[in-house]
Amino acid sequence: MPYYQDDYKIEENDTSNSSCFDIQVYCPEIANAAKAGQFVHIQCEGKILRRPISICEIDKKAGTIRLVFDIRGDGTRWLSKQEEGAFLNILGPLGNGFNLNETAKKALFVGGGMGVPPLLEAAKAFKGKADAILGFKCIDNSMLIDDFNDVCSKVIVMSDDGSLGEKGFVTSLLCDRITKNKYDVVYSCGPTAMLKSVSEITLENNIACFVSMEERMACGVGACLVCACKVKENDKEAYKHVCKDGPVFNAKEIVW
Amino acid sequence: MLERMGNPPPRIAETSSGILNSVGLQNPGIDYFIEHNLPWLKEQNTVVIANIAGGTHDEYYEIARRLDATDVDMIELNISCPNVHEGGIAFGTSCMGVENITKLVRRATSKPLIVKLSPNVSDIGEIAAAAEASGADAISLINTITGMKIDIKTRRPLLKNNTGGLSGPAVLPVAVRMVWQAAARVSIPVIGMGGVATWQDAVEMLLAGACAVQVGTANFTDAYAPLSIIGGLDNYLNENGFKSVREIVKKVEIWQ
């Protein structure tokens, strides 16, 4: 799979709220090669390690990708301050995306917090046939709800404190949704505890489930072996790597 | 020798001008390497150096013996990894330890043998001299410096291994000093590494006594770092009237 490293221009910077940023970057080679669920690795001033940011949307025609991200530390804070017209040094697209061979079937997307952006491009592939459950800490942390409403048939929004949609965790509704609806596949991204629950619930109900994992990362291309993720392989445990083998894994592979 | 799983994640933490890693020599074992990885490496039209680490003396000997029968170009003896509990650094922090393991591996192979030294010692010159006297064809230094970073919110180390190896620009002055001290004690080639990110850093290493320079951590920031370093070195040599890097090796003019 080809990937590129170059300086690419920020075309738009739409801050959607105070805690997350929303940018469009013109990077035709990356956009052309990118698949839903992949990520890019961005250089941040003064930082040795690039910051891995999942791709939220891909517009191959316009040659752009959309990145929606959380401000978590100095690196992402610097990124959030880069204005339209500024250049970012980006390496990508990296990782394996979602397996979307099953686009004809019915899918459920389950996203929590910053796990929501990487699901959007994949949801688009289901052309209105997919549903989504999106969970946020509170109304101030919510994002991309309109975008999901545009591409999904039903979108359920939840928040931990009840300030938006239904109160509770996404997993509290998941059981109910998957017993009432005949989903063939669940795609999920979010905090590890949430992914673990989603994985258990889908396995109990015999539904295929793919999760997008996160781990502290360095090279992004499978060379340094830092971003380890424990999996079951031929009946024994082994470490695979989020950047190269993931970030999307079959949930039944993961050792939680 | 056998497959190593590596350490649990997180395996990386960013520090001021450096990174700490605790990968723990994850690798598929010598037989898998020879069968599956080496053929691809040999197709890349470059020199292949196998870095080896065993848990015991016997394992070091056996790995070297098996590699001796392959078309690996050189063997680098890793007696300086701070992230494994057996082997690694345990053999590299005393002159006696270095002598024993180097002499043993020397008997197992006729291929060029590089001994990679640890900076976590009190007298690097003595260690370098011990490696040369025991049959090393070259030495490489420095491996990482053992370090630790603590998350003050959780009051836990950032690395699951608690400690890790520090690399990146933060260690360059230590590496340059040790390369200078080691080069003063041996007549075999010295390969300099540790924090080299720019061509200026590489010039320092060469002046200190390195015949060749390795670049590791800088690749995480910029995949083209080694190419920029080579380009910058060429300009420096031209501008200063040198025909080859050989002309600046060990040419630091020490204050008396």
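Which residues have the most contacts inside the largest nonpolar core? In this predicted model, that core comprises 57 residues, and those with the most contacts inside it are Tyr60(B), Leu67(B), Leu77(B), Ile139(B) and Leu141(B). Its largest share, seven residues, is contributed by helix H5 of chain B, which spans residues 172-183. Another core lies apart from it and holds 54 residues, including Ile10(A), Val40(A), Ile42(A) and Leu119(A).

Leu67(B), one of the residues with the most contacts inside the largest core, also takes part in a helix pairing, where it belongs to the H2(B) side of the contact. The two helices are H1 of chain B, residues 30-42, and H2 of chain B, residues 57-68, whose axes come within 10 Å and cross at roughly 20 degrees. Because angles under 35 degrees count as roughly parallel, H1(B) is described as roughly parallel to H2(B), and the crossing of the two is right-handed. From H1(B), the contact draws on Ile30(B), Asp31(B), Phe33(B) and Ile34(B), while H2(B) supplies Ile63(B), Arg66(B) and Leu67(B).

In chain A, attention turns to Glu233(A), which lies in strand S14, residues 228-233. With a relative accessible area of 33%, Glu233(A) is partly exposed, since that class falls between the 20% limit for buried residues and the 50% limit for exposed ones. Leaving aside residues up to four places away in sequence, Glu233(A) touches Ala238(A) and Lys240(A). Ile254(A) is 21 residues from Glu233(A) in sequence, and the C-alpha atoms of these two residues are 9.5 Å apart in space.

Methods. Residues numbered from 1 in each chain as written. Chains lettered and ligands numbered in written order. Predicted model: local features only at pLDDT ≥ 70, side-chain atom pairs only at ≥ 80, totals over all residues. Heavy atoms only, no water. Core = buried A, V, L, I, M, F, W, Y, C linked by side-chain atoms within 4.5 Å. Buried < 20%, exposed > 50% of the residue type's maximum accessible area, 1.4 Å probe, protein only. Helix = DSSP H or I, 4+ residues; strand = E, 2+ residues; numbered from the N terminus. Axes fitted to C-alpha atoms, helices over the stretch in contact; angles between N-to-C directions. Parallel < 35°, antiparallel > 145°, perpendicular 65-115°, else oblique. Left-handed = near helix turned anticlockwise from the far one by under 90°. Contact = heavy atoms within 4.5 Å.
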